[in-house]
Amino acid sequence: MKIAFVINQTHKETARFTTTLLALKAHQMGHEIYYIGLADFYYESAYIAAHVRKVLPDQMLTSANQLMEVLRTTEKTKMILEDMDVVWLRFDPVLDMVNRPWAAASALQFAALLKEKGVWVINDPDSLSRASNKLYLEGFDESIRPKTIVTRNYTDVIEFFEQQNKLIILKPLKGSGGKNVFLINKDNQQNLKQTVEAIARDGYVIGQEYLPEASRGDIRFFLLNGEPISINGKYATVHRVQQGDEIRSNVHQGAKTQAAIISPELLLMVDKIRDKLVQDGMYFVGLDVVGDRIMEINVFSPGALCQTEEIVKEDFSALIIKKIAERVAFRERG
């Protein structure tokens, strides 16, 4: 199987990224892996290509650090992408919002052209274009998501703040990694106007009800083709617990990881979103769950799979690559 990973830029990849884990596992399972940066696509009227960095199975890599070393020293070569079995979109649009605002949208356009030519693109590029910000969650059953407003108007936020007993979360509509996420309550409400203005400089503002369970962190829960990923009855999930006074549960913001307890209520929430995820072609996603609500559906480049495997002690990445290979074989037979 030939599998290409579309990333932001090579020098931004690290050994602890979920993309690295998946690529290394695919390599160790005998597949050809390729890396494509957002600026590496090439179009000519007859075909779509890219300047790729390739890693072939005979290179015998045994660690993520080795893969990173090879990735950074391998020269790019132009390759027709219609020869790929899978093109996996694993970039974060937010990382290029300021310095390369064209990059993510252009990559999605190239990916959509590949999809039209019959290449399997994960996740579906047309759906990703519609899910480029946190409004995507609002298209799902109201019972599984927090009360939310989206606005750039300060008065709207004030009204919502009062409705929620002066306890809300504010964050950018388009963002990731816990950047610019604020808890506003009666003790710091004097900063509300300034906070709204700061977030609104870059676009729309999301206001969400604060869930008391958030003080105990959140659960990252992985799905493949709408189904929970599990091995031997153990789910691909991790509980992320923020430290000190931090309100964000992102690992790279200092959150600690521990085993997660999966409730029947969480599995019921998955049942309520499964059909739409499958219909939208959202093949690999990560849910962020607090209490009985899904706070976010991560569809671009959900992370924390490394930490999940370390805690759960199961090889989820191998299962994911195996399922993808099986689907590729089925597509070829069909």
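Figure 1. At 41% relative accessibility, aspartate 271 counts as partly exposed, a class lying between buried (under 20% relative accessible area) and exposed (over 50%), with a 1.4 Å probe and protein chains only. Arginine 274, at 19%, counts as buried. The two form a salt bridge, with the closest N and O atoms 2.9 Å apart; the term denotes a side-chain nitrogen of Lys or Arg within 4 Å of a carboxyl oxygen of Asp or Glu. They are three residues apart in helix H7 (residues 264–279), about one helical turn; helices are DSSP runs (H or I, at least four residues), numbered from the N terminus. This is a predicted model, in which local features need pLDDT of at least 70 and side-chain atom pairs count only at pLDDT 80 or more, whereas totals for chains, interfaces and linings use all residues. Residues are numbered from 1 along each chain as its sequence is written, and side-chain values use heavy atoms, with hydrogens and water left out.

**Figure 2. The salt bridge of aspartate 315 and lysine 25.** The closest N and O atoms of this pair are 3.1 Å apart. Aspartate 315 lies in the loop between helix H8 (305–312) and H9, and lysine 25 in helix H1, so the pair ties together parts that are 290 residues apart in sequence. Lysine 25 counts as buried, at 16% relative accessibility, whereas aspartate 315, at 32%, counts as partly exposed.

**Figure 3. A network of salt bridges.** Asp218, Arg220, Arg240 and Asp288 are linked in this network. The whole structure holds 17 salt bridges.

Notes
Helix = DSSP H or I, 4+ residues; strand = E, 2+ residues; numbered from the N terminus.
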